[in-house]
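This report describes one protein chain for a reader who has the sequence and the coordinates at hand. It moves from a single helix to the overall fold and then to selected residues.

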Amino acid sequence: MLDLLNVWFVSPFDYGFMRRAVVGGLALSLAAPPLGVFLVLRGMSLIGDAMAHAILPGVALGFLLAGFSLPIMSIGGVLFGLMVALLAGAVSKMGGQREDAAMASFFIISLAAGVMLISLGGSSVDLTHVLFGSILAINSTALLLIAGISTLIVLTLAVVFRALVVECLDPLFLRGQSRRSGWVHSVFLGLLVLNLTAGFQTLGTLMAVGLMMLPATSARFWSKRLEGLIGIAIVLAMVASTGGLLLSFHLDIPSGPSIILLAGFGYLFSALFGRYHSLAAKLRRKTTPLEVEQGA
């Protein structure tokens, strides 16, 4: 039994690429899920997906200029993601259109532009790498960048945590208390861009949002408190990232999809058996009154 556990859970990390991959996955698992929780609370779940596609042209431009240079591609992704966020906000204010609608429009444009840029300057292999990532191929430079960005996100969230909570629950109150309340929203969007930029190397631009949103939406089935939501989401993300890597290693399947599919399995399990709002919870509510009536 011990030998089997060693083969499945310990031996894979004798390899350097597996150690770097699991550290990168755990770093992202600390930073991404709290952002996903706030997106869910704000009713902005699909904004994360839109922002994930918004960074693609910047990543593609960095790739055209410097090849697979993670720092250059990351800088391009951050700059373009912030530009799209600012443009969506400006269009929303000028035209009266909802911000999510403006973001969706720019996301479609960004996705097409990014794919076009990569296709013009590279091969289908290059396009696959950028869109879907390769967590097993991250090097020490990529790991330091991921860890640095994740640390910055966690520290910034700690600083603006109370303001974010107030904005989620009562944005009008926050605006009445401070003229700079708009900065809270801008900082939050900036953290989203940074997180997705850190995640594209490991999971790709198309799936980086999965590690942010799936654990966050799963946590809603297990807790009603914000602290509980964040803690459960982080644990689920860590289990998904580590478990997905192990499945990828033993079954010789792509690592990124393995991580996201495992997180997706966690979501389905939570939806069926979670403590709140799940199928099991609804069945419990239906049977309890019946049992009380029969006992009477």
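This is a predicted model: local features need pLDDT of at least 70, side-chain atom pairs count only at pLDDT 80 or more; totals for chains, interfaces and linings use all residues.

**Overall fold**

The protein chain holds 14 helices and zero strands. Read from the N terminus, the order of elements is therefore α-α-α-α-α-α-α-α-α-α-α-α-α-α. Of the 296 residues in the chain, 46% are buried. Where contacts link residues at least 6 apart in sequence, 74% of them join residues at least 24 apart. The chain exposes about 15,100 Å², and 69% of that area is supplied by carbon and sulfur atoms.

**Helix H2**

Helix H2 covers residues 16-42. Its 27 residues should span 39 Å at 1.5 Å a residue, and the end C-alpha atoms lie 40 Å apart, which agrees. Is H2 largely enclosed or largely open? Because 19 of its 27 residues are buried, H2 is largely enclosed by the rest of the structure. Glycine 43 follows H2 and has a positive phi, near 70 degrees.

**Helix H12 and its surroundings**

Helix H12 runs over residues 226-251. Leucine 226 is found in this helix. With a relative accessible area of 16%, leucine 226 is buried, because the cut-off for that class is under 20%. Leucine 226 and valine 37 are 189 residues apart in sequence, yet their C-alpha atoms are 8.2 Å apart in space. Apart from residues up to four places away in sequence, leucine 226 touches Val37, Phe38, Leu41, Phe161 and Val165.

A search of the whole structure finds one salt bridge. Which side chains meet in a salt bridge at 3.8 Å, N to O? They are those of arginine 225 and glutamate 227. Arginine 225 counts as exposed, at 58% relative accessibility. Glutamate 227 is likewise exposed, with a relative accessible area of 53%.

Just after H12, aspartate 252 takes a positive phi of about 55 degrees. Aspartate 252 sits in the loop between H12 and H13, and its relative accessible area of 70% makes it exposed. A positive phi of about 65 degrees is also found at histidine 277, although this residue is not a glycine. Histidine 277 belongs to the loop between H13 and helix H14 (279-295).

**The nonpolar surface patch**

A nonpolar patch on the surface is formed by Leu2, Leu4, Leu5, Val7, Trp8, Phe9, Val10, Leu247, Leu251 and Ile253, with about 910 Å² of accessible area together. Helix H1 (2-10) and helix H12 each supply at least two residues of the patch. H1 gives the largest share, seven residues. One of the residues in the patch is Val7; valine 7 lies in H1 and counts as partly exposed at 45% relative accessibility.

**Two further sites**

Serine 270 has its place in helix H13 (residues 255-273). Is serine 270 buried or exposed? Its relative accessibility is 1%, so serine 270 counts as buried. Not counting residues up to four places away in sequence, serine 270 touches Ser218, Phe221, Trp222 and Ser278.

Glycine 67 lies in the loop between helix H4 (56-66) and helix H5 (70-95). At 25% relative accessibility, glycine 67 counts as partly exposed. Leaving aside neighbours within four places in sequence, glycine 67 is in contact with Gly62 and Met73.

**Accessibility of selected residues**

The table gathers the values for several residues discussed above.

| Residue | Relative accessibility | Class |
|---|---|---|
| Serine 270 | 1% | buried |
| Leucine 226 | 16% | buried |
| Glycine 67 | 25% | partly exposed |
| Valine 7 | 45% | partly exposed |
| Glutamate 227 | 53% | exposed |
| Arginine 225 | 58% | exposed |
| Aspartate 252 | 70% | exposed |

Notes:
Residues are numbered from 1 along each chain as its sequence is written. Side-chain values use heavy atoms; hydrogens and water are left out. Helices (H or I, at least four residues) and strands (E, at least two) are DSSP runs, numbered from the N terminus. Buried means under 20% relative accessible area, exposed over 50%, partly exposed in between (1.4 Å probe, protein chains only). Contact means heavy atoms within 4.5 Å. Accessible areas come from the Shrake-Rupley method with a 1.4 Å probe; for residues, only the protein chains shown count as cover. Patches are made of residues with over 30% relative accessible area and no salt bridge: like charges are joined within 9 Å, nonpolar side chains (Val, Leu, Ile, Met, Phe, Trp, Tyr) within 5 Å. A salt bridge is a side-chain nitrogen of Lys or Arg within 4 Å of a carboxyl oxygen of Asp or Glu. The expected span of a helix is 1.5 Å times one less than its number of residues.
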